[in-house]
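Biologist: Hello, I am new to this one. Could you show it to me and take me through its cavities and sheets?

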Amino acid sequence: MSGDLPPHTADYNAIAARLGWLPSYPQFDCNPLDLCTEAGPSGAVSEHEIISRVVGKLKRGVLNFAIHDPDSMANIPRILFLWRSNLLGSSGKGHEYFLKHLLGTQNAVLGQQTDIRPQEVLWRDPAPEGKLDLLVTLDFRMSTSALYADVVLPAAGWYEMYDLSTTDLHPFIHPFNAAVDPPWEARSDWDHFTAIAKRFSELASIHLGTCRDLVATPLLHDTIGEIAQPVVKDWKKGEVEPIPGKTMPNLVVTTRDYPNVHKMMTALGPLVEKVGIGAKGVVWNAAEECAELKERLGTVKAQGITEGRPALFTAKHVAEAILALAPETNGHVAVKAWAGVEKVSGLNLSHLSTDREGVRHTFSDLTAQPRTCITSPTWSGMETEGRRYAPFVINVEQKVPFRTLTGRVHFYHDHPWMRAFGDSLPIFRPPLDMQAMGSTRVGQEDGKTIVLNYLTPHSKWSIHSTYAETLIMLTLFRGGNTVWLNDEDAVSIDVKDNDWIECFNVNGVTVARAVVSHRIPRGKAFMYHAQERLIVPGSKISSQRSGTHNSVTRITMKPTHMFGGYAQLSYGFNYYGTVGSQRDEAILVRKATEVEWYED
């Protein structure tokens, strides 16, 4: 791309969306359903004509990607549905900014806006506050997100539902079995979503019907799109023509059968036979497994588009379908999957699965006793011959090419923007000087104050699924929110172990008890993550209840995570994309002279 690199992170995000490097929602500053119908009645215009018309509008600037004007009332999010993801209390970097701009509630943002302005994104001043109309949380506990939600859907606990759990590092698939029924109005996740889908389908038959929708998807990993942009050229600046799937996102017209959403959700669809299923660019047909599921789960009897399809009425049905279709739990599927890898790699890999071709793990099998996973091309480890999972064994020992530009492990990235950032080779980068960047430029009252580097390590004294506010966890350590300080740093501000302290910066404020320890390096402050906004006192600085561990953090994204269309630097859901590199801030710490407990 000609010219200097943009000055603002938002610029990179906007460029990444329009060049097809990253997904972004909403996608356009116009309803994508309208883009498909404005040229004529539904079905009267071909997909090619719709896409050509949209590309022309984007080129002329008549239509734009929504990310170029994210604060427009037409582009802001209206509904947020959290499914056991504690966004506000755990993973939301910059908790107080979420409260201010997303919810419009009381917040403790103490700093002023930066003077740096993006070039690619329209800057609106003041920025909108309270964007959401509805926040729904599905959780089995009163998390911070649930505290702020408009609607809390009570979820079943771990021993009140049927489910599956595993990761690529686990040699076993773990089943969840319902020891008791969910109490009162609580339901399993599957039952909540099917109930919502049922009511949505009823309303959709009145208000929406069947529509055509234009969808933009990024240049995905394991597709031809991952080598589409060896040179960065921007169609919006006239450096290249806008071509879907090459110089911009893929554009696809799909049919949304909204009145039949519930029916389609509760039945296994025909695409597993017609198109197949797969991973890492390898696809295999699942017709045999589909026929088997019809026998085991039964079929849909009601008339309609799902009649005769395998039934997915319950969570246990869904678990059985996953086990039947996955190469990790169905040996015959694993054989077909490895055959696909053999075809594209030219290697002999059948020995990785043939000895377990007859293995079929069902839910009752997993419940009866632990069963080991079958070696699968979905992952890079090998679990044959009694060995435990280790990453990249398939690549190193079986010579399957790494999913990189060269097919080998390599450390040099020659992407032009990677070179411009000086990140072509893995080199040491010192932490950002957040104090120099203005994190501590807030008013201070009289009293001893110290500036510390603030980190939020992974949680101690907690359970990963329920975190630290569980009563039994609170009895094990201090009973509430804590911040760890070095003993010499604590002495410098007259803080003793278990004193209340205030931690604050431009992003917000949190109040917690001090854990004074010589094990913490000087100049550091540790606040273990996922400490909820439940048992927290008021803050004299903000005049409201103090915040969470993320109240003094903010999102800091790295532009080199946004590049796409360049081999391994290509987007993959839950695989490769932008991450928030927070957990490294500068804060002011002082002893809390007064501690008040608010009733709000």
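Modeller: Here are some questions and answers, starting with how to read the model.

Modeller: Residues are numbered from 1 along each chain as its sequence is written. This is a predicted model, in which local features need pLDDT of at least 70 and side-chain atom pairs count only at pLDDT 80 or more, while totals for chains, interfaces and linings use all residues, and side-chain values use heavy atoms, leaving out hydrogens and water.

Biologist: How much space lies in the largest cavity?

Modeller: A cavity is a set of points on a 1 Å grid over the protein atoms alone where a 1.4 Å probe fits but cannot get out. Its volume is the space filled by probe spheres set on the points, which are joined across faces, edges and corners. The structure holds three cavities of 30 Å³ or more, and the space in the largest is about 220 Å³.

Biologist: Which residues are the closest to the centre of the largest cavity?

Modeller: Lining residues have an atom within 4 Å of a point. Of the 18 lining residues, the closest to the centre are Ala468, Leu474, Gly480, Asn481 and Gln531.

Biologist: How many charged residues are in the lining of the second largest cavity?

Modeller: This cavity holds about 90 Å³ of space, and 14 residues line it, with Ala17, Leu22, Ser24, Phe65 and Ala216 the closest to its centre. Asp, Glu, Lys and Arg count as charged; Ala, Val, Leu, Ile, Met, Phe, Trp, Tyr, Cys and Pro as nonpolar; the others, Gly among them, as polar. The lining has ten nonpolar and four polar residues, and the number of charged ones is no residues at all.

Biologist: What is the bridge partner of Val451 in E17?

Modeller: Strand E10 (residues 449-455) pairs with strand E17 (residues 585-591) in the antiparallel sense, over six bridges. E10 also runs parallel to strand E14 (residues 524-526), joined by three bridges. In E17, the partner of Val451 is Leu588.

Methods:
On a 1 Å grid over the protein atoms alone, a cavity is a set of points where a 1.4 Å probe fits but cannot get out, and a pocket is an open set with protein on both sides within 12 Å along at least five of seven lines; lining residues have an atom within 4 Å of a point. Two strands pair if DSSP finds at least two bridges between them. Helices (H or I, at least four residues) and strands (E, at least two) are DSSP runs, numbered from the N terminus.
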